[in-house]
Amino acid sequence: MNKTLFFVYNAKSDVLNKYWDIAHKIISPNTYSCSLCSLTHGSFSEKKDWKNFRENATQEFVFMYKNEFLKAYPDAVMFNFPVVLQKEEKKFKLLIDSEKLASITSIKDVIELVKNKIS
């Protein structure tokens with residue numbers, strides 16, 4: 001049985017914050033607070049390698065902004081964001097924490113890590 005993976009960004013979903021995030025990634029990428037966003041997306045779009053991996057994965061992926069996730073799952077406040085979680089029934093299992101995501105430097109490393117966690 002495949003489990004659903006949740007990729008939760010350390011960003012907010014409203015339009016103003018999305019524009020702020022784009023500007024921040026361009027002006028000062030080293031201080032941007034969402035390493036998951038930086039790894040999977042460029043300034044304006046999803047990275048090609050990530051999109052290809054995501055579209056061809058057999059696992060179900062759910063992508064959420066921090067505010068959306070906490071609204072939907074208020075009991076999950078114990079996580080530091082960004083984070084990758086695996087949902088099993090009604091519980092979340094931590095797969096990749098924010099510290100690990102911050103230490104990764106390439107999208108290929110993210111893809112390999114996700115593959116290893118779900119295999």
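Counting ring against ring, this structure comes out with 17 aromatic pairs. One of them joins Phe69 and Tyr73: the ring centres sit 5.2 Å apart and the planes meet at 40°, so this pair goes down as tilted. Everything here rests on a predicted model.

Phe69 is buried, its relative accessible area being 0%. Tyr73, at 22% relative accessibility, is partly exposed, because the buried class takes in values under 20%.

Phe7, Tyr9, Trp50, Phe53, Phe61, Phe63 and Tyr65 are linked through them into a cluster.

In soluble globular proteins, nonpolar side chains tend to be buried together. Here the largest nonpolar core counts 19 residues, and Phe7, Trp50, Ile96, Leu101, Val110 and Val114 have the most contacts inside it. Two or more residues each come from strand E1 (4-9), helix H2 (35-40), helix H3 (48-56), strand E4 (91-96) and helix H6 (107-118). Helix H6 gives the largest share of this core, with five residues. A separate core of ten residues lies apart from that one, and Phe69, Ala76, Phe81 and Val83 are among its members. Phe69 thus turns up both in the tilted pair with Tyr73 and in this other core.

Note on methods: Residues numbered from 1 in each chain as written. Predicted model: local features only at pLDDT ≥ 70, side-chain atom pairs only at ≥ 80, totals over all residues. Heavy atoms only, no water. Phe/Tyr/Trp six-rings, centres within 6.5 Å; stacked < 30°, edge-to-face > 60°. Buried < 20%, exposed > 50% of the residue type's maximum accessible area, 1.4 Å probe, protein only. Core = buried A, V, L, I, M, F, W, Y, C linked by side-chain atoms within 4.5 Å. Helix = DSSP H or I, 4+ residues; strand = E, 2+ residues; numbered from the N terminus.
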